[in-house]
Amino acid sequence: MSTKATTLDKTLKKELDGFREKVAADAEKVIFESFPQKVLDLQKLIDSTSQTTSPFNLSHAPHFTDTTVYPPHTSASSEPEAKKRKLDSGDGVNGVTPSNDISHAKHPGKMVSNKHTINLHEQLKRECEVLAELCDKVKLWINLSMPKIEDGDNFGVQIQEDVLSEIHRSQESAYNLRDAARQDYLTRAKICSKIMKYPHVEDYALALKEHDEKQLYIARQNLHDLRSIYAVITDMLHKNIEKIRTPKGNNASTMY
């Protein structure tokens, strides 16, 4: 006795079709509005870097690097003795040990971060997150636009796969660029620790200044990279949009 094949509920199918339509509309808005606008906005930002008013201008480098080792912050002497003993024993408030306790640090001095490069990192991180999010919308649409697997007439599908690969590379680039802040902070912390340990060695202070200047230069170059990523994927999508929309169309057209 044969069993009846399971089919998709009509109401659920209607909701899924609506979801697909929304995905397609969002993706086409990204392709024809968001991506081109990002190319222009980033190019405008790049052009402004030659002006001293731009935070990406290299003229800011000498003004935001502080190589001073400041004395450690000491707690007030009026602190209750019982609380002092509790903290000295390693137990913090509510049983939590404070992570910034420097009472046993070998070099308890303090050095300040470069607030200017922090602001640049935050701006670039937001740009990278926007790029990754926009790419996700386009990737989802292309994946949902792929026809069922069958023999013959797969040229359009190959174009879809090539475009997906390029978008995936763009996302990976965005993730790598976003990681620049973490790499900067780790490298800078190592240089600062050397300054605190060997304050009489002037070259460590010079190394910190050079490092901060390099970060400013890299931040400006990252703008170029982001602009180029947007420009390449926009161009590729616009040239192949018909094959992406209808991959099983005319076989004779070429990709580029």
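Figure 1. Buried residues account for 31% of the 256 residues in the protein chain. Keep in mind that this is a predicted model. Counting secondary structure gives 7 helices and 0 strands, so the run of elements from the N terminus reads α-α-α-α-α-α-α. As for how the chain folds back on itself, take the contacts between residues at least 6 apart in sequence: 80% of them join residues at least 24 apart.

**Figure 2. Helix α3 against helix α4.** Here we zoom in on α3 (residues 115–145) and α4 (residues 155–178), which pack at an angle of about 160° with their axes 9 Å apart. That angle makes α3 roughly antiparallel to α4, because anything over 145 degrees counts that way. The crossing of these two helices, α3 and α4, is left-handed. On the α3 side, the contact is made by K125, C128, E129, L131, A132, C135, D136, V138, K139, I142, N143 and S145. Facing them from α4 are Q160, V163, L164, I167, H168, S170, Q171, A174, Y175, L177 and R178. Sorted by class, the contact of α3 with α4 comes out at 12 nonpolar, 6 polar and 5 charged residues.

**Figure 3. Helix α3 again, this time with helix α6.** The axes of α3 and α6 are 11 Å apart, and the two helices pack at an angle of about 15°. So α3 is roughly parallel to α6, given that angles under 35 degrees get that label. The crossing of α3 and α6 is left-handed. If you tally the residues in the contact of α3 with α6, you get 17 nonpolar, 5 polar and 2 charged.

Figure 4. Side chains of opposite charge can pair when their charged atoms come close. Our example in this view is D17 with K13, a salt bridge whose closest N and O atoms are 3.1 Å apart. Both sit in α1 (residues 10–48), and because they are 4 residues apart, about one helical turn separates D17 from K13.

Figure 5. R169 counts as partly exposed at 46% relative accessibility, whereas E166, at 17%, counts as buried, because the cut-off for buried is under 20%.

**Figure 6. K239 and D235 on helix α6.** This salt bridge, K239 with D235, has its closest N and O atoms 3.0 Å apart. Being 4 residues apart in α6 (residues 202–239), K239 and D235 are about one helical turn from each other. K239 is exposed, at a relative accessible area of 54%, while D235 is partly exposed, at 38%.

**Figure 7. A salt-bridge network.** Which residues are linked in a network of salt bridges? The members are E28, E242 and R245. Over the whole model, the count comes to 11 salt bridges.

Conventions
Residues numbered from 1 in each chain as written. Predicted model: local features only at pLDDT ≥ 70, side-chain atom pairs only at ≥ 80, totals over all residues. Heavy atoms only, no water. Axes fitted to C-alpha atoms, helices over the stretch in contact; angles between N-to-C directions. Parallel < 35°, antiparallel > 145°, perpendicular 65-115°, else oblique. Left-handed = near helix turned anticlockwise from the far one by under 90°. Contact = heavy atoms within 4.5 Å. Nonpolar A, V, L, I, M, F, W, Y, C, P; charged D, E, K, R; others polar. Salt bridge = Lys/Arg side-chain N within 4 Å of Asp/Glu carboxyl O. Buried < 20%, exposed > 50% of the residue type's maximum accessible area, 1.4 Å probe, protein only.
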